[in-house]
Amino acid sequence: MEQSSENARIHALEMQIARLQAESDVRRVQSRYMFLCDTPNPEFGCTDDSARINLIMELFEQDAVWEGVGEYYDGQFGRAEGWQAIKTHFENFWNEKSDPKLILNCHYLTSENIRVSEDAQTAEGNWVHMQPWLFSDGKALLRSSRLYNSYKKCSDGMWRFTRNRTENVFIAPLPSTWASDYPQASVLMTP
């Protein structure tokens, strides 16, 4: 009887560690996604938007959903179901023909709340994020959104998005001169 009690305690500790590891892995997936969406992109060796999109797509499960919801994001971002539709969404966003060009965008995450399933195989997470946007024509804005995302641990051991859902909190125009110094390219990750 004492042995089974000890085994139960060990199992409970193993599951607690697995859930904490899952939470950490989910946090890394979310942070990496935001990092890859920043402009200029700071990922070393990521020289164009096609490479950026490929790195982003590594974070999504094949049947994932990406959607903008609510009265403002419904019409602006819509819904993409499945890996190829999500990739097309990003290809449309980072289109070489876009005018004006997005020249600055940085994501700031806050208000994190990650919930991992008992078996540590799925998770959900909420965040609030803010991001300044600056375009090549001088237009600038500050955007804030709520995120409600789902993840699963895949057969290769990697965590990926099964749903990426964003809802507008506010959009505020900024004066065109609000940012006086910003890089045209990031060198943060260079050797």
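1. Helix H1 covers residues 2-37, which is 36 residues, and its first and last C-alpha atoms lie 53 Å apart. That is close to the 52 Å expected at 1.5 Å a residue, where the expected span is 1.5 Å times one less than the number of residues. Helices here are DSSP runs of H or I with at least four residues, strands are E runs with at least two, and both are numbered from the N terminus.

2. A word on the model before going on. It is a predicted one, in which local features need pLDDT of at least 70 and side-chain atom pairs count only at pLDDT 80 or more, while totals for chains, interfaces and linings use all residues. Residues are numbered from 1 along each chain as its sequence is written, and side-chain values use heavy atoms, with hydrogens and water left out.

3. Back to H1: its buried residues are Ala22, Asp25, Val26, Val29, Gln30, Tyr33, Met34, Leu36 and Cys37. Buried means under 20% relative accessible area, exposed means over 50%, and partly exposed is in between (1.4 Å probe, protein chains only).

4. Asp25 deserves a look of its own. It pairs with Arg28 in a salt bridge whose closest N and O atoms are 2.7 Å apart; the term means a side-chain nitrogen of Lys or Arg within 4 Å of a carboxyl oxygen of Asp or Glu. Both residues sit in H1, three residues apart, about one turn of the helix. An α-helix has 3.6 residues a turn, so residues three or four places apart point the same way. Asp25 is buried at 18% relative accessible area, whereas Arg28 is partly exposed at 47%.

5. In total, the structure holds 13 salt bridges. Lys152 and Glu61 make one of them, with 3.6 Å between the closest N and O atoms. Lys152 belongs to strand E6 and Glu61 to strand E1 (residues 60-69), so this pair ties together parts that are 91 residues apart in sequence. Lys152 is partly exposed, at 30% relative accessibility, and Glu61 is buried, at 16%.

6. Two further items on charges may interest you. Arg160 and Asp156 meet through their side chains in a salt bridge of 2.8 Å, N to O; Arg160 is buried at 16%, while Asp156 is partly exposed at 47%. Glu67, Arg79, Glu81 and Arg165 are linked in a salt-bridge network.

7. Do check Ser144 in strand E6 (residues 140-153). It is buried, with a relative accessible area of 3%. A polar atom of the Ser144 side chain lies 3.2 Å from the backbone oxygen of His129. Leaving out residues up to four places away in sequence, Ser144 touches Tyr73, Val128, His129, Met130, Glu167, Asn168, Val169 and Phe170, where contact means heavy atoms within 4.5 Å.

8. Arg52, in helix H2 (residues 49-57), is also worth a visit. Its relative accessible area is 4%, and it is buried. Its contacts, again leaving out residues up to four places away, include Leu36 and Cys37, along with Trp94.

9. Finally, the surface: Phe44, Leu188 and Met189 form a nonpolar patch with about 340 Å² of accessible area together. Met189, in the segment after strand E7 (159-174), is partly exposed at 42%.

Notes. Patch = residues over 30% accessible without salt bridge, like charges linked within 9 Å, V, L, I, M, F, W, Y side chains within 5 Å. Areas by Shrake-Rupley, 256 points an atom, 1.4 Å probe, with all protein chains shown as cover. Polar contact = N/O pair within 3.5 Å; in protein donor to acceptor, adjacent residues only side chain to side chain.
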